[in-house]
Amino acid sequence: MTRTIEFRDALREAMSEEMRRDQRVFLMGEEVAEYNGAYKVSRGMLDEFGPRRVIDTPISESGFAGLGIGAAMMGLRPIIEFMSWSFSLVAADPILNNAPKMLYMSGGQVGCPIVYRGNDGAGGQLGSTHSWCVEALYSNVPGVKIAIPHTPYDAKGLLKTAIRDEDPVFFLESERLLSVTGEVPEEEYTVPFGQAKIVRPGKDCTVVSFGRPVYFCLDAAEELAKEGIDCEVIDGRTIRPLDIDTIVASVKNTNYCVVVDQSWSFASPGSEIAAQVHQHCFDDLDNYVGRVHSDDVPAPYAQNLEQEMLPNARKITEAVRAVTYNA
Amino acid sequence: MTRPMRTMPTAPPKPRPADENLAAALGPEVLRSWLRDMLLIREFEVRTMQAYQNRQIGGFCHVYIGQEAVAVGCTAAVNRNDPIVTAYRDHGHALARGLEPRFAMAEMFGRIGGCAKGKGGSMHFFDVPNHMYGGHGIVGAQTPLGTGLAFATKYEDEVINGGSSSRVTLCFLGDGALNQGAFHEALNLASVLDIPVIFVVENNGYSMGTSITRGTSMGHDITTKAIGYGMESAVIEGMDVMDVYNGMKPMVDACRAASRPAFVEIRTYRFKGHSMSDPRKYRTKDEEAKFEAEDPIDKLADYMMSEHGLSEDEYKSLTKSVRTEVREAVKWAEQSPPPDLDELYTDVYVERWGPYLGTSPPPMMQERSERRP
């Protein structure tokens, strides 16, 4: 049986189910408990699990991000919520220098099974400091896993996998998706890491994306279908591990590829995927791999500028037309 | 259902006065083991410096000579299963906690027999079976981690096992860490969440080459830092292991009983430079001589001789046994092979995927369990 629920409810179900299943799991972050979550993701969790497992923190990202690591080293399963991944930058040392390196530096003695989660990407006219897409910065670091769902179904299934994972997971949600609804089974399920999903089959051009921009890709594919260009849209779901096999298999079929990544273009998941596709599909490609990113500028406040800066359906259709010689 | 109220932080625990000589009451056998531990750390560090000069050890290397009483006295004041965590000057803490010198030396030699398979080096000693959670290289970074270790012991005791909090974590830091943001965040969190962690500041007067008077506000009395976080604090003289124990034990007991954090300043001195490449031009020879006259090893040896009839011969045999143990550790480390190149790709992720080869505990843990059934 499935029901239609919001993205935020899917996230909460994942956390609550895992907390019922495993007492070692706890949720910590700013406003997660008494306020019921800054974005109502954790609504009701304090009532169910009490203040010892749903824990409000002061505004102190470096402190509680690091506290979670110590707790994970002792065998607990922390879920640390960043109200926004933009705020994780002040916790760069714990999340980049401790969590992903603990297992290595200790020679396999102690790892760090922790989940950091929160809103990533533009929230809607929040300006530069609050609109970070951290996937480019953080996917550079070995030792982390990065998941970035676009549907409620994946949000729940991937988050459950993240909580059960033995390695540190950065879980990137989007404020703009929290109210999106979708079908989610009532039964227990998980979505494995490292398995991309073909969300729209097609034969003319492979379009690869993650998270919120997947919707823009689907919009663009609708538009392009009217012009006779049949796009295959792939949701990568996790950036680390990256399911390059599914992407390569698709490109071998379509011979064209466009990567859509909401982070800045320089040294990003988009540039990495483009490089890997060039390597693996050199003889199959009939053109360069196109790329759509956020423009290489700080995020602006003005609505029209912000919309222009982010990946959007128009930019994607233009990119697909260009690489498929339909421009 | 009524919403559970968050408990208000309780008043800071009041440690028992340290005027009674708790250390002396432990008797000569315990004191003798402390003397041996301090001698072992000293000898280990002397050999470390030699090996560094011989280029058998690379990277950054910070020795603990002069501060031995702190690690030995503090670890004696807690239980075996109380976690500890420290910064990069970590050799003394690991050895005091029971890491065998050969595993420590092999780590610095970059060998597979090292406590971290040669992947951590001098600054990143780990001995999890002995509840030693690292050696951490970034100044102050270990303070939130230590707070998390203590959060977890309390959570395990109270939430998972339904009992009361039974463990205390010692989070060591240098005086240089007092000015890092992470330190202040850790103290605040420990206080508002009632976390049983003791922040043990080993105040050796210098953060690298910067004197505490130049870099730290209220550097003459750093326990003032604890006041703003509602924590009990103490100042302990760190050049005498009995003083360290006498100061730490009541604080540990009080924190354990109240499940509250505390702050301890232990005044100590590093006889050598910040690292192996430090010419020590920022301090005077007179100052160094003054502290060298306060050698914690001499102090305990003198006490043992006058109070417990430790003879010169016994002391010599103690130093000899330590010298032999460390010499064998060096030999063992030299013979331990470098890590196989496959080790580059192990311990990155627990899970095997892509080029990553999964994880396994270091050979040290296997060897130790064979040696100590």
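Modeller: K145(A) forms a salt bridge with E351(B), with 2.6 Å between the closest N and O atoms; a salt bridge here is a side-chain nitrogen of Lys or Arg within 4 Å of a carboxyl oxygen of Asp or Glu. This is a predicted model, in which local features need pLDDT of at least 70 and side-chain atom pairs count only at pLDDT 80 or more, while totals for chains, interfaces and linings use all residues. Residues are numbered from 1 along each chain as its sequence is written, chains are lettered from A and ligands numbered from 1 in the order in which they are written, and side-chain values use heavy atoms, with hydrogens and water left out.

Across the interface of chain A and chain B the rule finds two salt bridges, together with 21 residue pairs in polar contact, both residues being at pLDDT 80 or more. A polar contact is a pair of N or O atoms within 3.5 Å; within protein, one must be able to donate a hydrogen and the other to accept it, and residues adjacent in sequence count only if both atoms are side-chain atoms.

In terms of contact (heavy atoms within 4.5 Å), 54 residues of chain A meet 57 residues of chain B. The two chains bury about 4300 Å² between them, 64% of it on carbon and sulfur atoms, where buried area is the accessible area (1.4 Å probe) that two parts lose on being put together, summed over both. M74(A), Y104(A) and Q109(A) supply 19% of the area that chain A buries against chain B, more than any other three residues.
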